[in-house]
Amino acid sequence: MTDHISPGGSGRIGTQQVARIGYGAMQLDENIPADDAVAVLHRALELGVNHIDTASFYAGGEVNHRIRKALAPYRDDLVIVSKVGAAYTGVGPVPLTAAQKPAELRAAVENDLRQLGLDTVPVVNLRRYDLGPAPAPEGDQNVGLDDQLAEMIALRDEGKIAAIGISSVGLDVVQRALPAGIVCVQNAYSLLDRSQEETLDFCADEGIAWVPYFPLGSAFPGFPKVTDNAVVREIAGELGATPAQIGLAWLLTTSANTLLIPGTGSIAHLEQNMAVADIVLSDDAVARLDAVTAPGQGPDYAASLSEALREAAAT
């Protein structure tokens, strides 16, 4: 764990400077009106967001189409980060299936370019299944890292992507991927799940952006939520903040390379998330929060979620 720092400010994804609080667009699907999605995206940029996380498999491309409708032509400082390695099925509690083969990675990038109206995607994350939450792929979907990185490097050499990230992988895989020029890592990480702390520290040492998903705990029912934690709620009361804001503010204290991409379909929640940049946790508050879960520990989300998804698929 690095020394505590003040929240807010800016960070970097490769050579790109971005605000440390960005926006995850996954919730901008068909469950909210298209005009509302456009309004949320416009407000995000007004509030200083210049890092938007998306994927061509979010709602079968609908999220990307909405980003294009709202924001194209894009500002020069806007960094759109996508991910490949899954495909949309529209079926089940998580309507995705593995798409790990090199040809599928390339097809997903082509989808991003077409859906977003871009000539080059600024950053694309290779989303593997090493850490879950879904079961590891089998058969021809069990693809080696070297073959996948070779395709990602080829896409970068062709100018279709500008930089490569990686997601849902342990420290050993990040280290193996390092020669490919990895600029960011997206792994599950929160106050309640610090199992990837060693990977976070490695990324900090290497100047790789750390972009946690499940920043407030798992989004699936039945799993612990940061916002339900007694210490989080107590500190929120002391500071006049929401528990979610405290959970996000704590993440910003963990390392200067941590970048947040909280997602929402609500302008009110978006504004609350962006206000986290103004929350300064005292040394005492940080110490109390740090003590909630020891470094390197946390619930085994990957195994638990995999089992929950198997049960859901069987019903």
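At 1% relative accessibility, Cys184 counts as buried (under 20% relative accessible area; exposed is over 50%, partly exposed in between; 1.4 Å probe, protein chains only). This is a predicted model, where local features need pLDDT of at least 70, side-chain atom pairs count only at pLDDT 80 or more, and totals for chains, interfaces and linings use all residues. Residues are numbered from 1 along each chain as its sequence is written, and side-chain values use heavy atoms, without hydrogens and water.

A disulfide here is a pair of cysteine sulfur atoms within 2.5 Å. The count is zero. Cys184 is in no disulfide. The sulfur of Cys203 lies 9.1 Å from its closest cysteine sulfur, in Cys184, which is too far for a bond.

| Cysteine | Relative accessibility |
|---|---|
| Cys184 | 1% |
| Cys203 | 0% |

Cys203 belongs to the buried residues of helix α6 (residues 197–206), with Glu197, Thr199, Leu200 and Phe202. Helices (H or I, at least four residues) and strands (E, at least two) are DSSP runs, numbered from the N terminus. The buried residues of α6 pack against α5, β10, β11 and α8, with contact meaning heavy atoms within 4.5 Å. Just after α6, Gly207 has a positive phi of about 75°.

Now helix α1. Buried in α1 are Ala37, Val38, Val40, Leu41, Ala44 and Leu45. They cover an arc of only 160° around the axis, so they sit on the same side of α1; the arc is that of the directions from the helix axis to the C-beta atoms. On the other side, Asp35 and Glu46 are exposed. Just after α1, Gly48 takes a positive phi of about 105°.
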